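Thanks for coming. I will go through one model today, starting with the chain as a whole and ending with a few single residues.

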Amino acid sequence: MNRIFQFSAIFCLFAISVFAQTVVINDPTAELKNNSGAEIENLIKAKVLPKVRKHWVAEDSPCQEAFEMSGAVKGSFSKPDSNQTLAFYSFCQTGNGFGNNGLALIEDGKVIANYLTESGWTLGITVLPDINQNGLNEFALYYSGGMHQGQGGTGVDIFEFSGANLKGIGWFNAESFTETTYFGYKVTAKKGKTPIFYREKYNNKNDKWRKAGNAAPFKLTKVYSQFEILK
């Protein structure tokens, strides 16, 4: 009986350890929230937008300012054990599914770094729990690609900081829809120096999500967004 008890205890500890190393990256059944708040928005308007206007707005530019906050998350992004905020915003839309967007890194109430990209329509941002275990939080950027020939969807870029630059970890499709179908993926990751990603399909009918497959490993593709530093 003692041996059985010891084996059961060891097995439970092992199961808990494995579970703790697996984290949810995207859940199609969960609402994507905008947690920016007035304080962050006002800081971006005062300290970031004047520089962005000089960079993008011109008389013949397709970028006509239509600023909107897409979200903000807290974590240790550019250095371990720090308390930083990463704000994601849309500056303008330049076409169907295309827009000019920015990221601002904030610490102690000050903007310490700015980044710009010409990519898609912004939907939101989430913080990830250091899936490659290097002491820094990764983050996920959500984009809409607009509607093209009756099809559309949501794509997600995963990034982390590497010094002063942004390093792309990969892209995945979060949701897709046509005139007759609507499905999404629950994406998880097993933590490690090289994380292993899994996804399982969910179908949406009448605004209700139902699991439609088992989790299987898959590889992320190259990130969609290419950021530059705004000085």
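A contact here means heavy atoms within 4.5 Å. On that basis, residues 24 or more positions apart account for 51% of the contacts in the protein chain with a separation of 6 or more.

Some notes on the source. This is a predicted model, in which local features need pLDDT of at least 70 and side-chain atom pairs count only at pLDDT 80 or more, while totals for chains, interfaces and linings use all residues. Residues are numbered from 1 along each chain as its sequence is written, and side-chain values use heavy atoms, with hydrogens and water left out.

Now the overall content. The protein chain has three helices and 14 strands; these are DSSP runs numbered from the N terminus, helices being H or I of at least four residues and strands E of at least two. Of its 231 residues, 45% count as buried. Buried means under 20% relative accessible area, exposed means over 50%, and partly exposed is in between, with a 1.4 Å probe and protein chains only. The chain exposes about 13,400 Å², and carbon and sulfur atoms supply 52% of that area. Accessible areas come from the Shrake-Rupley method with a 1.4 Å probe, and for residues only the protein chains shown count as cover.

Next, the sheet. Five strands form an open sheet in the order β2-β3-β4-β5-β14, with antiparallel pairing. At the edges are β2 and β14 (228–229), each of which pairs on one side only. Two strands pair if DSSP finds at least two bridges between them.

Which strand here is largely enclosed by the rest of the structure? That is β3, residues 84–95, because nine of its twelve residues are buried. On one side, seven bridges join β3 to β2 (residues 68–75), and the two run antiparallel. One of the pairs there is methionine 69 with tyrosine 89 of β3. β3 also pairs with β4 (residues 98–107), antiparallel, over ten bridges. In that pairing, glutamine 93 stands opposite glycine 99, and alanine 87 stands opposite alanine 104.

β3 and β4 make a hairpin with two residues between them, and glycine 97 in the turn has a positive phi of about 90 degrees. Is glycine 97 buried or exposed? Glycine 97 is buried, at a relative accessible area of 4%. Its C-alpha is 4.3 Å from that of glycine 145, 48 residues away along the chain.

Alanine 38 is 31 residues from methionine 69 in sequence and 9.8 Å from it in space, C-alpha to C-alpha. Alanine 38 lies in helix α2 (residues 37–47) and, with 54% relative accessibility, counts as exposed.

Ten of the eleven residues of β8 (residues 152–162) are buried, so β8 is largely enclosed by the rest of the structure. β8 pairs antiparallel with β7 (residues 139–144) over six bridges, and with β9 over eleven bridges, again antiparallel. β8 and β9 form a hairpin with two residues between them, where glycine 163 in the turn has a positive phi of about 65 degrees.

Most residues other than glycine have a negative phi. Aspartate 81 has a positive phi, near 55 degrees; aspartate 81 sits in the loop between β2 and β3 and is exposed, at 78%. Asparagine 206 also has a positive phi, about 55 degrees, in the loop between β11 (196–205) and β12 (208–211). At 67% relative accessibility, asparagine 206 counts as exposed.

Last, the largest pocket. A pocket, on a 1 Å grid over the protein atoms alone, is an open set of points where a 1.4 Å probe fits, with protein on both sides within 12 Å along at least five of seven lines; lining residues have an atom within 4 Å of a point. The largest pocket is lined by 19 residues, and Asn26, Ala30, Glu31, Leu32 and Tyr142 lie nearest its centre. β1 (22–26), β6 (121–127) and β9 (165–177) each supply at least two lining residues, and β6 gives the largest share, four residues.
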